[in-house]
Amino acid sequence: MQNFLNNGIAITGSGSAVPATSLDNQLLTELVETSDEWITSRTGISQRQLALPPESLTTLATDASKQALAAAGIKAEDIDLILLATSTPDDLFGNACRIQAELGAIKAVAFDLTAACSGFVFGLVTAAQYIRTGVYQNVLLIGGDILSRWVDWQDRRTCVLFGDGAGAVVIQANESDRLLGFSLKSDGTQNHYLNLNYEGTTKQITPNINVPIGAYHPITMNGKEVYRFAVQKVPEVIDKALFEAHLSVDKIDWLILHQANQRIINSVAERLNIPDHKVISNVAHYGNTSAASIPLALDEAVRQGKIKPNDIIATSGFGAGLTWGAAIFQWGR
Ligand code: ACO
């Protein structure tokens, strides 16, 4: 019989992929009334990458996954579970199975998980439950989004913020448990602050039955409220996760927040008393890539040699739902 209590988890490899096409702030001024100065000073974003066909969520996520598998030193055939955190699948029935097919992960069960910009953190905790209970040993977690498909390119309040990308990690059963603490939250009463809603117009299919046939409409956001929510709730949820981990904030080596806005990152770091040199940020280059932003920033920092085995990382995702969450983990086995 399996001894469930011995099933810890470790994040053993990462990968990431961004589309080839750049859109910088200067080019955006040709689309909407804005300026590089406004965007940089309010958000810290200088440019973003946009996925254009034949690039898709499947191609980006597959590229990121191959790198993560290589870094972890496992084969696609060894994966038990593929979790894809996304709000922008190539197919609304789910995108994870397409990635499974591309990778040749014949043994894996694959499904999508949607929690907007919190998707990666929610996915990390979900993966951990499967491993801790002894059900699976090798999980591939991908965070990927193509929000450029869903932005109103005439709306300067939102179109300057988002970009596309994917990041992936391999999470494996491990003797010691490297997920030290976590906390997840949702508040649907604030759902109306950030939406990508379905709207239909009524189509009569029988004399008594009218079906709403329509489409999803571009992102709408109350930026001020989302900002207020983030700077208040993110420090709280990181504190909660640190408490669960029995760690004080000075034990954190790196802070990797969802890369939505440099001002949010700075404000959260300041509230938690985390010095600048421990804060990882790449929002300037990619904008807000939603579920991809944390694994993208993590992977870059690992490849740059910043993050080393055993470093303690505090991460937090936040966004539509509203959803938010934090996890404290140690890098590597
Ligand atoms: N260029 C120039 N002017 C602009 C732009 C722009 N791109 N966008 C808005 N403005 C104008 C507004 O119209 C407004 O003008 P007015 O005073 O004449 O009405 C002025 O700039 C100030 O606008 P605010 O919305 O008050 O600007 P604010 O300082 O709040 O910054 C921002 C806006 C950057 C969106 C900020 O509120 C923010 O970052 N919020 C958080 C957003 C976020 O992170 N969302 C993602 C969540 S993750 C997810 O789940 C997808």
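How much area do domain 1 and domain 2 bury between them, and what share of it lies on carbon and sulfur atoms? In this predicted model, local features are reported at pLDDT of at least 70 and side-chain atom pairs only at pLDDT 80 or more, whereas totals for chains, interfaces and linings use all residues. Residues are numbered from 1 along each chain as its sequence is written, and side-chain values rest on heavy atoms, with hydrogens and water left out.

The protein chain is assigned a domain 1 spanning 8–178 and a domain 2 made up of 180–190 + 218–330, the bounds being taken from an automatic or database domain assignment. Taken over C-alpha atoms, the centres of domain 1 and domain 2 are 16 Å apart. To their contact, defined by heavy atoms within 4.5 Å, domain 1 contributes 50 residues and domain 2 contributes 45 residues. The area buried between domain 1 and domain 2 is about 3600 Å², of which 63% is on carbon and sulfur atoms; buried area here is the accessible area (1.4 Å probe) that two parts lose on being put together, summed over both.

Across this interface, 20 residue pairs are in polar contact, both residues being at pLDDT 80 or more. A polar contact is a pair of N or O atoms within 3.5 Å; within protein, one atom must be able to donate a hydrogen and the other to accept it, and residues adjacent in sequence count only if both atoms are side-chain atoms. On the side of domain 1 that touches domain 2, the elements that each supply at least two residues include strand 1 (8–17), helix 3 (57–72), helix 5 (119–132) and strand 7 (164–174), where helices (H or I, at least four residues) and strands (E, at least two) are DSSP runs numbered from the N terminus. Helix 5 gives the largest share of that side, with seven residues.

Arginine 149 is in the loop between strand 6 and helix 6, and aspartate 90 is in the loop between strand 4 (81–85) and helix 4 (96–103), so the pair ties together parts that are 59 residues apart in sequence.

The ligand is surrounded by 26 residues, the closest being Thr34, Arg42, Cys117, Lys224 and Asn261, with a residue counted when one of its heavy atoms lies within 4 Å. A polar side-chain atom of threonine 34 is 2.6 Å from a nitrogen atom of the ligand. Oxygen atoms of the ligand lie 2.7 Å from a polar side-chain atom of arginine 42 and 2.6 Å from an N or O atom in the side chain of lysine 224.

Some backbone features fall in loops. Proline 53 and proline 54 are joined by a cis peptide bond with omega of about 10°, and proline 54 belongs to the loop between strand 3 and helix 3.
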